[in-house]
Each structure stands twice: as C-alpha cells, then as structure tokens.
Amino acid sequence: MDVCPCGSGTYATCCGPLHRGERDAATPEELMRSRYSAFSKGDRFYLARTWHPRTRPDDVSADPSIRWAGLTILGSAVDGDTGTVDFVARYEGPDGPGELREHSRFVRRGGRWVYVDGDVA
Ligand SMILES: [Zn+2]
C-alpha cells in the first residue's frame, strides 16, 4: 500500500490530490501535512505554491541530505483567515536522527491556505 508520508492514509487519497493540484487544502493542518509530504518527496513546486510570496525563499528545494521519517501534529487552530499548527517532524540527517518542532503560521489568501512562517522550538 502506498502510505502517505504524512502518516494519514494512502498517498493517492491523502496528500496526492493536493500535490497534483486536484484540490486545495481545506485547513492549515491539511496544508501542513501536504507540505511535510512535499518536503519528503522533494516536490519544490508544491512547496513554492503553498508558501506566502512575502516570506517564500528564492530557493525552496528540500535538503537532499535529510530523509523525513515521520510527522506528528500536536495541535492546530483557525481564526477566520489565519491559522496555526504545532508539529514535530522527525528526520534522519547526516549526523543521525533528529526532530524539528515548529509553531507554524498560515493565512488564507484568495481562498487558499498558504504557509507564512514559523517559530522553531
Ligand atoms: Zn498525507
């Protein structure tokens, strides 16, 4: 079975349709999951498309020396057109396993949720 990198169902029905542009993320949490999966698969076009133009770096390519190993959503909140997601992403890096814990901010822009920025804990 083609398990989705974000750990929620199969890729074909979870983050796949978002990556293929068949539908947009309905919530900041769904967008966060799909962005994690895009990092995992090295889909920089999706990362760029879901990044606020004000904060998007010029180079959004994922670090090839890191293999993403799992995502845990700790919590999420939506208030109108803004939202936050707290998560832990585990990875295997050149120096061994590690984890990234972040409080991410999202806004809804033209009807679509986009990632703005985050605070790494
Ligand atoms: Zn997924």
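Predicted model: local features only at pLDDT ≥ 70, side-chain atom pairs only at ≥ 80, totals over all residues.
A residue counts as buried when its relative accessible area is under 20%.

**Zinc site**

Because its relative accessibility is 2%, under the 20% limit, Cys 6 counts as buried. Cys 15 is likewise buried, with a relative accessible area of 2%. Both residues coordinate the zinc ion through their SG atoms, together with the SG atoms of Cys 4 and Cys 14, at 2.2 to 2.4 Å. Along the sequence these donor residues follow the spacing C-x1-C-x7-C-C. The angles among the four donor atoms run from 99 to 116°, and the site is tetrahedral. For four tetrahedral donors the ideal angle is 109.5 degrees.

**Aromatic pairs**

Five aromatic pairs are found in a search of the whole structure. Two of them are set out below.

| Pair | Centre to centre | Angle between planes | Geometry |
|---|---|---|---|
| Tyr 36 and Trp 68 | 6.0 Å | 75° | edge-to-face |
| Phe 106 and Tyr 115 | 5.6 Å | 65° | edge-to-face |

Tyr 36 belongs to helix H2 and Trp 68 to strand E1 (residues 67–79), so their pair ties together parts that are 32 residues apart in sequence. Tyr 36 and Trp 68 are both buried. Phe 106 and Tyr 115 are buried as well. Ring pairs also join Tyr 36 and Trp 68 with Phe 39 and Tyr 91 in a cluster.

**Largest pocket**

The largest share, four residues, comes from H2. By class, the pocket lining comprises 12 nonpolar, two polar and four charged residues.

**Cavity**

The structure contains one cavity of 30 Å³ or more. The volume of the largest cavity is about 60 Å³. Its lining is made up of Leu 18, Arg 23, Asp 24, Ala 25, Leu 31, Tyr 46, Arg 49, Thr 50, Arg 112 and Trp 113. Helix H3 (44–49) and strand E4 (112–120) are the elements that give two or more residues to this lining. Five of the cavity-lining residues are nonpolar, one is polar and four are charged.

Technical notes: Residues numbered from 1 in each chain as written. Heavy atoms only, no water. Donors = N, O, S within 2.8 Å, 3.2 Å for Na, K, Ca; no water. Tetrahedral: all angles 85-135°; square planar, octahedral: opposite > 155°, others 65-115°. Buried < 20%, exposed > 50% of the residue type's maximum accessible area, 1.4 Å probe, protein only. 1 Å grid on protein atoms, 1.4 Å probe; cavity = no way out; pocket = protein on both sides within 12 Å on 5 of 7 lines; lining within 4 Å. Points joined across faces, edges and corners; volume = space filled by probe spheres on them. Nonpolar A, V, L, I, M, F, W, Y, C, P; charged D, E, K, R; others polar. Phe/Tyr/Trp six-rings, centres within 6.5 Å; stacked < 30°, edge-to-face > 60°.
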